[in-house]
Amino acid sequence: MLDQIRNLDVDRLQLPEALELHAVGSATLESFKRFEVDPPGWLANGIETLEVEIRRARRDMLSKKLADANARVETYKSQKQKRMDAEAEIARITALLQE
Amino acid sequence: MEQGIGRREVIAELTRSPHGDFAAYLPVGQRAARDDGEFLAHLIAWNHKNGQIRDSKTALPVVTLGVSSFNGELRESSLAHLAQLSPRDLVKAYRFAPQAGPARNAVRKLVRRYLREREADESRWEYAAVAHRSSMKTLYAATRTRPAAFADLILFKRQYPSGSLFEAVANLGALDDVGAAGMILKRKVPFLVAKGALGARMKSEPLLLALIQRMSPTELATNARFLQKAGMETSPALRAAFEEAMEKATTSKKATLKTTKAAKATTGKMQKKLRALQERQIDANAIKGNWLVLGDRSWSMDKSIAISREVSATLARYCEGAVRLVFFDTTPRALDVSGKTYEEILDLTKRIVPNGGTSIGCGLQWALDRKFEADGIAVVSDGGENNPPSFASVYEKYCRQFDSEPPVYFWKVEGDPDHLTPSMVAAGHDLQALDLCGKTPDQYSIPNMAQAMRASRYSLIDEIMETPLLRLSDVFKAA
């Protein structure tokens with residue numbers, strides 16, 4: 001696994017793999033610190049790259065969940081609510097056109 | 001039929017995959033049903049779970065129904081496997097049945113039971129009918145099965161009950177993008193059905209998001225290029241949906257070949273992700289051991305050279321160990337192709353042209369001299385040895401040297417008379433023949449056949465025989 005961090009290519013990783021590598025890399029880095037041995041540069045760089053990628057994947061996942069939730073809410077709206085939404089949209093666009 | 005060789009021949013026919021030509025399964029299928037019915041029944045079960053070629057899952061069970069000696073639990077297992085097909089494939093089975101002998105009545109009775117089973121669960125029936133409307137109509141009409149009242153209204157009179165899945169699909173076009181996306185997710189509308197209902201609108205982000213979540217692993221691979229062009233990589237939500245879908249596709253055995261094609265069709269990060277997915281899928285189907293591929297490059301062996309490249313490329317992809325490709329005429333020309341792609345192998349071997357005499361043994365002698373211990377050997381040739389050393393003589397020395405007997409798979413192409421097989425038999429050695437004489441394997445056949453090779457002579461056969469047969473009660477739950 002350390003070899004994967006050394007030759008890191010985040011484009012090929014799935015999120016669970018990235019999390020696993022981050023855990024292994026972080027634990028290894030801690031060991032270096034504990035024994036007061038200088039860690040290799042690629043280890044810290046790799047961990048940082050993985051963190052960026054994990055945060056990116058998490059934000060993407062949240063965006064997806066939000067979009068899914070909005071889509072599902074739409075299906076529960078009554079005809080009356082949908083009409084009100086459409087009328088509000090008409091009013092908004094009319095106001096913009098009059099600017 | 002001698003057990004070892006006969007069963008291999010059946011497997012080879014199965015993996016040869018003549019696309020769309022069910023009748024091509026008749027000769028070997030009928031013979032196998034008569035001579036080794038138990039093996040064929042287990043092979044049908046194994047193929048249903050592990051096979052990548054859909055035609056064989058439809059054709060083989062039908063072929064067995066036309067053989068009178070294939071009876072009892074074996075026959076029941078064939079029927080049960082047919083009952084697991086989609087409506088579309090079941091239509092194909094019904095249309096093929098007359099060619100298989102007296103099989104049509106059995107298939108007709110099965111179709112009726114299949115339709116009644118689905119009618120007993122309206123939501124299950126509805127889902128099948130939405131995804132396969134035309135096939136479901138054909139099944140009712142062709143077998144003269146009177147549909148249940150609700151089925152008749154929906155399929156034949158197009159009257160959709162309020163709140164039904166049919167009504168939801170019919171109204172998709174009238175909803176805005178977000179509303180349509182929500183409906184697709186809520187009602188689990190199949191991808192192809194939603195795509196048909198939405199047309200060009202499906203490129204909008206909310207709809208793409210919903211559709212990605214409805215795609216099977218195969219559909220994901222097939223539509224990868226379209227998704228990339230639609231801007232999937234620039235949208236966080238679409239990226240997340242795609243990555244989630246790819247995680248699910250990792251364990252898919254069915255999508256491996258499609259993933260390979262998709263990876264070639266895409267670029268950049270998407271291509272990297274697909275190649276990584278391909279490797280994970282391959283890991284799930286890895287072939288064990290080191291392999292030696294001996295490719296005949298003697299006079300007129302163009303086909304052998306082409307097939308050798310494909311076989312070695314497949315092994316290089318799927319093999320856990322090392323792969324050596326040795327082209328031979330009367331001298332060997334060896335290459336280490338471990339981990340190489342087909343394109344890389346093509347480039348390395350572009351100057352290999354057919355010429356010279358034939359000494360299959362010189363290829364194996366190379367491996368012996370280099371102490372390359374192969375767990376399996378594939379020989380692609382017409383078998384027309386006309387120069388020493390003979391393969392059989394070197395094989396004896398090879399087995400003594402490494403104290404093992406690696407299985408030999410003989411991919412036989414047309415050409416000179418085959419001396420390899422009789423010499424191996426005379427020396428008391430087994431040879432697994434894959435007969436390609438007069439046949440042109442397509443792009444799926446060779447990887448399929450190569451993946452069926454095993455480093456242990458009978459491990460695939462053991463795997464097949466251990467696959468349990470099905471009973472109709474396993475498939476039909478309704479009374």
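Predicted model: local features only at pLDDT ≥ 70, side-chain atom pairs only at ≥ 80, totals over all residues.

Colleague: Okay, how many residues of chain A are in contact with chain B?

Modeller: On the chain A side there are 23, and they are in contact with 28 residues of chain B. About 2100 Å² is buried between the two chains, with carbon and sulfur atoms giving 50% of that. D11(A), R12(A) and K64(A) supply 31% of the area that chain A buries against chain B, more than any other three residues.

Colleague: And how many salt bridges are there across the interface?

Modeller: The rule finds 5 between chain A and chain B. One of them joins the side chains of K272(B) and D9(A), at 3.2 Å from N to O. There are also 7 residue pairs in polar contact across the interface.

Colleague: Which helix gives the largest share of chain A's side?

Modeller: That's α3(A), with 13 residues.

Colleague: What classes of residue are on that side of chain A?

Modeller: You get 11 charged, 8 nonpolar and 4 polar residues touching chain B.

Colleague: Switching topic: where is D347(B)?

Modeller: You'll find D347(B) in helix α21 of chain B, which covers residues 342-348.

Colleague: What does its side chain join up with?

Modeller: The side chain of D347(B) makes a polar contact of 2.9 Å with that of K350(B).

Terms used: Residues numbered from 1 in each chain as written. Chains lettered and ligands numbered in written order. Heavy atoms only, no water. Helix = DSSP H or I, 4+ residues; strand = E, 2+ residues; numbered from the N terminus. Polar contact = N/O pair within 3.5 Å; in protein donor to acceptor, adjacent residues only side chain to side chain. Contact = heavy atoms within 4.5 Å. Buried area = accessible area lost by both parts, 1.4 Å probe. Salt bridge = Lys/Arg side-chain N within 4 Å of Asp/Glu carboxyl O. Nonpolar A, V, L, I, M, F, W, Y, C, P; charged D, E, K, R; others polar.
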